[in-house]
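Here is a structure to look at with us. Keep it open while you read the short report below.

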Amino acid sequence: MAKVKEYMTRGVYTVDRRATLKEVARAIAKYRVSGLAVVDEEGEIVGVVSDTDVLRAITEGKEPERTRVEEVMTPFALIIEEEASMEEAARMMVHEKVHRLFVVREEKPEHPSLSKQYLLRPAGVLTSSDIVAYIAE
Amino acid sequence: MLEMRVVECLRRSIITVEKGMSIRDAARVMKNCGISGVLVMEGSKPVGVLSDTDLVKALYRGLGKDARVEEVMSRKFFCVDPSATLMEAARIMTECGVSRLFVVRGARGETEVREMPEGIISVSDIMAAVAGGSCEGC
């Protein structure tokens with residue numbers, strides 16, 4: 001059975017929690033990704049922001065140059081173990097209605113939405129595009 | 001920034017797959033083109049849309065990679081009129097929970113797939129507009 005670690009993208013693009021939505025949009029456009037991990041002053045991950053979060057904030061009238069990412073981010077992330085199967089990753093994406101999971105090396109915690117300790121050292125990210133790549137084989 | 005019209009930013013090249021194709025082959029098209037959704041055709045007629053989310057669901061449902069595109073595709077797509085602003089497109093995407101809209105004259109939101117769209121506008125086009133004041137389209 002194919003494992004998450006075979007298809008994940010290693011490394012995580014991050015943005016500072018004080019960055020503006022405009023800066024987030026720039027990073028998303030530059031790295032050609034659909035979301036970023038949000039980090040605090042010490043570089044620890046405190047949430048996730050996606051392109052659709054930015055979109056929603058703007059349609060609600062928030063100013064991209066003045067709004068900080070920490071105001072619109074999701075203050076937690078979903079994680080999966082790198083030894084998990086791609087089928088398990090698909091199940092989690094469907095159930096949690098997300099397109100992105102952070103991949104960790106540690107044992108999976110009982111509850112998928114997560115505590116900081118598991119997010120401190122994510123090994124990478126698995127997105128719905130990685131599932132497409134798996135099906136393409 | 002988002003006052004620009006969809007028609008100024010839309011991508012006119014629409015990638016298509018045949019409804020009888022296997023999801024493996026359709027996934028290859030999506031992977032090779034670096035896109036998250038394709039229009040599904042029956043001959044020269046558009047009949048649905050296949051997105052990366054549909055493929056995630058197919059894997060979750062235990063369908064094999066030889067399953068046909070028509071088994072997992074959606075028969076409706078989400079549309080915006082070419083004269084709408086990017087802000088209006090952003091609103092439709094947020095309301096409908098999608099990251100791409102097909103550009104069809106006179107259409108807004110969820111629509112039965114019947115005619116060939118003029119193009120596509122995606123959340124990444126809007127991000128580019130927010131980031132730099134212009135859009136990547138064309």
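Helix α4 (residues 86–96) of chain A packs against α3(B) at an angle of about 120 degrees, and their axes are 8 Å apart. Axes here are lines fitted to C-alpha atoms, for helices over the stretch in contact, with angles running from 0 to 180 degrees between N-to-C directions. That makes α4(A) and α3(B) oblique to each other (under 35 degrees is roughly parallel, over 145 roughly antiparallel, 65 to 115 roughly perpendicular, and the rest oblique).

Which residues of α4(A) and α3(B) meet? From α4(A) come M86(A), E87(A), A90(A), R91(A), M93(A) and V94(A), and from α3(B) come V56(B), K57(B), L59(B) and Y60(B). Contact means that the C-beta atoms, placed from the backbone, lie within 7 Å.

## Where this comes from

This is a predicted model: local features need pLDDT of at least 70, side-chain atom pairs count only at pLDDT 80 or more, and totals for chains, interfaces and linings use all residues. Residues are numbered from 1 along each chain as its sequence is written, while chains are lettered from A and ligands numbered from 1 in the order in which they are written.

## The wider meeting of the chains

Zooming out, 27 residues of chain B are in contact with 26 residues of chain A. On chain B, α2 (23–33), α3 (52–60), α5 (86–96) and α6 (123–132) each supply at least two residues of the side that touches chain A.

## Chain B itself

Chain B has 6 helices and 7 strands (DSSP runs numbered from the N terminus: helices are H or I with at least four residues, strands E with at least two). Its C-alpha atoms fill a box of roughly 45 × 30 × 25 Å, taken along the principal axes.

Key: Two residues are in contact if their C-beta atoms, placed from the backbone, lie within 7 Å.
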